Amino acid sequence: MTEVRSTTAASASLWERDEEVATITRAVDTLCADRSSTGTLLVARGEAGVGKTALLAETRRIAEARGCAVWSARGGETLRSVPFNVVRQLLQPALVSMLPEEAREYLGDWYDIAGPALGIAEPGERQADPQGVCDGLVAVVRRLARREWPLVLLIDDAHWADQETLRWLAALAERLDETSVLVVVARRPGDATGDSARHLDAAAALGRPLAPLNALTPQGTAGLTRATVGHHADAAFCREVWAVTGGNAYETVELLAKVRDSELEPVEAHAAELRALNQSARGGGLLARLEQLGVDATRFAWAAAILGGGITVDMVARLTTLDRADAARCAELLCDARILTTPDPAAGQPAAGDLEFVHPLIATDVYDSIPGALCTAMHGIAAQLVTDSGLGAAAASRHLLRVHPDDDPEVVEQLRDAAREHLAVGAPEAAHRCLERALEEPPLPECHALVLYELGCAALLTAPATTIDHLRTALALPGLDGDQRVNAVFRLSEALVHNDQLEEAVRTVEAEAARTSDPSARLRLQAVQYMWEGLHPGATSSPGWSASLADIAGTRTGRDNTERALLILRGFDAMSHGENAEEVVELCDRTLVNGRLAPGLGWTDSEWGLELPMMLATCYAYTDRLDRAEALFTEALRAYESAGWSGGHLAVAHTYVGLGHRRRGRLREAEKSLRQSLRIAERVGRGLPLYWSAVCNLIDTLLARGHVEEARSVADQYGFDPPYPSTIVLPEPRSVRGRLLLATGRTKEGVNELEAAEKAAAARGRHNPVVSPWATELARALATEDPGRAARLVTDARRQAECFGTDTAIGEALRCAAALETGRRAVRLAGQAVTYLEASPCQYEHAAARVEYGIAARSADELERGMALADSCGADGLVARAREALEAVHAG
């Protein structure tokens with residue numbers, strides 16, 4: 001951080017910054033005025049040396065003068081590979097100052113999620129969810145902002161911040177409306193690339209930019225020159241100062257310090273000497289100045305640049321093999337030469353070291369001056385020193401990443417250990433870098449496949465295409481046997497599914513099952529194959545797939561998780577086909593252990609993934625066992641939230657909680673859960689199956705509520721159109737889209753869509769009229785145009801509903817049959833529908849049947865009962881329909 005100690009230096013660094021200082025002052029005043037004020041993000045942009053750091057120092061002065069707590073952090077060019085480095089600098093000191101019990105109590109559920117990333121808690125055994133950790137860090141700021149209000153956070157050199165910090169910064173910027181905090185960020189226009197640049201730009205887009213920090217004008221440079229070296233500095237001398245420095249604030253301050261130190265008279269006669277003085281400040285001049293201090297001082301400066309942060313005399317002495325006294329002498333020389341300085345306690349930086357560079361520009365120049373081979377060697381020594389200091393493999397890994405490959409098995413193991421530490425705190429990109437570097441070493445032949453497997457698993461959720469390549473290579477090498485090989489094949493199939501290559505996933509698992517001689521491994525692989533085929537809505541499964549699954553699952557008792565998986569898959573397939581619901585439930589019940597998911601099949605267990613418990617809960621939801629379904633959906637939500645998984649898994653949980661509400665008839669609650677799912681799914685990425693599930697269920701719920709225009713708006717906003725995803729979505733999206741088209745008056749398109757749903761269902765024999773209600777919707781649409789076909793559709797729907805056997809299925813089929821009839825037959829069928837749906841747990845369908853029965857029978861009592869029930873469900877369209885019919889009955 002730039003040294004700004006004296007009043008003169010402080011004012012010099014802020015020359016021509018009145019507008020920026022005024023904006024900062026207003027922001028601080030707004031924060032201090034109201035504890036409930038929304039947060040603010042200010043972004044200072046400018047090239048190196050234009051005074052960004054000085055502006056942050058002035059922000060600190062202003063804020064502390066108004067009683068604010070001010071915490072600061074700074075990115076480092078050589079520290080960008082250290083995950084959570086900057087956010088740790090920012091938040092860790094406040095949390096470390098608490099007693100461990102106090103910090104745990106204060107952060108609550110977020111302690112175990114965000115604590116490891118902040119370095120205040122030990123990581124768990126499970127791989128942390130990066131999005132969950134990011135959300136946890138945002139929650140930590142919210143809590144600290146309430147405790148420490150008014151709180152100001154300063155981040156310098158954000159372009160050099162680690163990717164994990166920048167992801168957090170972007171997330172915090174999105175939530176500033178609920179966090180009363182002022183965040184001021186200083187960054188260069190460039191230097192950040194890839195995801196880091198994307199996160200930084202996303203944060204900046206949500207903040208308020210300060211006026212661009214430009215170089216000093218000639219007039220400003222003249223004023224600064226006279227304020228620093230004396231008012232007698234003549235115009236020619238001042239013009240030369242500007243010409244030499246280009247108005248760069250840092251170089252101007254440094255040059256004027258040298259003018260003052262050398263007692264150079266600031267007049268035109270000495271102006272020619274300015275260029276030589278300036279050349280000693282940076283670049284070759286700085287290095288020449290460094291050499292003049294001696295070999296030991298140069299080595300000390302190089303070692304400090306290697307360490308990057310936490311620079312202590314003792315650590316540098318060990319790195320350079322200087323004795324303690326010589327190292328201390330070198331530190332003093334470098335401080336006198338304005339290359340290093342002692343950290344300013346007033347700047348609020350964590351006391352991680354005894355020294356820091358006067359300016360990041362100097363640190364960069366010194367680091368770049370280290371001869372290549374020596375730089376590599378010093379990083380290797382630094383890695384060993386960090387390890388010996390007990391700071392862990394992850395802390396040493398940034399140095400190991402810069403060491404040349406040397407066929408060293410110990411380095412491979414250190415990098416593998418570092419990767420595991422990074423995964424445990426929610427930094428998969430850092431783990432990925434470590435494992436890629438381990439491959440370059442390279443590993444010994446017997447562990448090469450293991451490193452590839454670990455690398456593939458590290459990239460599973462963030463880069464499935466990369467995972468596929470790594471796992472395929474690993475499986476082609478010796479070294480993966482037994483359970484490890486089966487796990488690798490399963491992970492490969494998962495990656496293929498996530499990469500929308502489901503058919504390839506099926507073929508991969510099928511081929512491995514055929515080649516293995518281990519019966520238990522083969523059975524597990526067959527179960528995985530059936531799982532992926534069961535989620536595929538197309539007609540590409542192997543012939544006789546369902547019959548084969550029925551045969552293999554028929555003799556299973558559920559004694560282990562492979563057998564339980566087969567029973568769940570068989571139950572899901574039977575449910576989708578519309579087989580007897582009682583038999584489906586019996587299959588599902590055999591998979592539970594004391595009424596709960598078996599260990600290893602839980603929502604957060606990695607042995608099988610979330611697909612199996614999802615299929616199990618869905619079976620219960622569509623067989624009218626909503627109490628069991630809702631218990632599983634709620635358990636999923638609780639499990640993901642407590643584990644800090646706030647990415648795709650949490651989106652799925654909210655979707656299925658919404659599905660439970662929708663099936664129960666709690667339409668308002670369903671809409672709330674599904675909108676929450678969509679908000680999370682948006683962060684994960686559009687086009688994934690979880691995204692389709694959220695959109696499809698939300699549209700279905702809005703149509704049930706009678707909010708047709710809103711449903712159409714959601715469909716337009718989220719692209720609810722063909723082509724459909726390659727994995728199954730419930731309820732069946734063609735049926736939902738067909739109903740939407742009919743509701744919006746696009747009858748012909750709606751009929752076409754429902755006929756497409758009919759063909760897709762026939763191709764796989766999926767005839768459950770509750771899961772895929774195309775038949776009843778199509779019958780209603782064709783009632784006038786083609787009554788004969790409509791009648792046949794209703795007859796088939798009733799037959800399939802009776803085969804399935806749930807009150808909901810039979811009642812819904814009778815509702816449709818009644819809608820196609822008139823007179824006494826319509827009344828009789830509508831009454832039968834009420835009888836069945838009254839016994840069903842699906843209250844919306846019951847309300848609709850009551851209203852339709854009241855209309856058919858012209859019964860005010862039935863209409864009033866139906867209207868009250870519809871109102872309790874939140875079915876506004878049904879309420880309006882009942883009210884209109886009731887008025888007609890009273891009028892007639």
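Leaving aside its neighbours within four places in sequence, which residues is Trp532 in contact with? In this predicted model, the partners of Trp532 are Phe490, Ser493, Glu494, Val497, Leu502, Ala505, Val506, Val509 and Glu611. Trp532 also has a place in the largest nonpolar core, so let's begin with the chain as a whole and then come back to that core.

**The chain at a glance**

- The chain holds 45 helices and 7 strands.
- Its C-alpha trace spans about 115 × 75 × 50 Å along the principal axes.
- Of the 892 residues in the chain, 58% are buried.
- Taking contacts between residues at least 6 apart in sequence, 68% join residues at least 24 apart.

**Nonpolar cores**

- The largest nonpolar core has 152 residues, and the members that touch the most others are Trp532, Leu612 and Ile699.
- Helix 35, covering residues 689–705, gives the most to this core, with 10 residues.
- Another core lies apart from it and has 54 residues, including Ala114, Ala117, Ala128 and Cys134.
- As general background, nonpolar side chains in soluble globular proteins tend to be buried together.

**Helix 34 against helix 35**

- Helix 34 (residues 667–684) packs with helix 35: their axes come within 9 Å and cross at roughly 155°.
- Because of that angle, helix 34 is roughly antiparallel to helix 35, the cut-off being an angle over 145 degrees.

**Helix 38 against helix 39**

- Helix 38 (residues 747–764) and helix 39 (residues 774–782) pack at an angle of about 145°, and their axes are 9 Å apart.
- The crossing of helix 38 and helix 39 is left-handed.
- Helix 38 brings Val751, Leu754, Glu755, Ala757, Glu758 and Ala761 to the contact, where they meet Trp774, Glu777, Leu778, Ala781 and Leu782 of helix 39.
- By class, the contact of helix 38 with helix 39 counts 8 nonpolar, no polar and 3 charged residues.

**Cis peptide bonds**

- The peptide bond from Glu441 to Pro442 is cis, with omega near -5°.
- You will find Pro442 in the loop between helix 22 (428–440) and helix 23 (445–458).
- A cis peptide bond also runs from Pro722 to Pro723, with omega near 0°.
- Pro723 sits in the loop between helix 36 (708–718) and helix 37 (733–743).

- Asp407 is not a glycine, yet its phi is positive, at about 55°.
- The loop that holds Asp407 runs between helix 20 (393–400) and helix 21 (409–425).
- Is Asp407 buried or exposed? Asp407 is exposed, because its relative accessible area is 52% and the cut-off for exposed is over 50%.
- Arg858, a residue other than glycine, has a positive phi near 50°.
- Arg858 is placed in the loop between helix 43 (843–857) and helix 44 (860–873).

Terms used
Residues numbered from 1 in each chain as written. Predicted model: local features only at pLDDT ≥ 70, side-chain atom pairs only at ≥ 80, totals over all residues. Heavy atoms only, no water. Core = buried A, V, L, I, M, F, W, Y, C linked by side-chain atoms within 4.5 Å. Buried < 20%, exposed > 50% of the residue type's maximum accessible area, 1.4 Å probe, protein only. Helix = DSSP H or I, 4+ residues; strand = E, 2+ residues; numbered from the N terminus. Contact = heavy atoms within 4.5 Å. Axes fitted to C-alpha atoms, helices over the stretch in contact; angles between N-to-C directions. Parallel < 35°, antiparallel > 145°, perpendicular 65-115°, else oblique. Left-handed = near helix turned anticlockwise from the far one by under 90°. Nonpolar A, V, L, I, M, F, W, Y, C, P; charged D, E, K, R; others polar.
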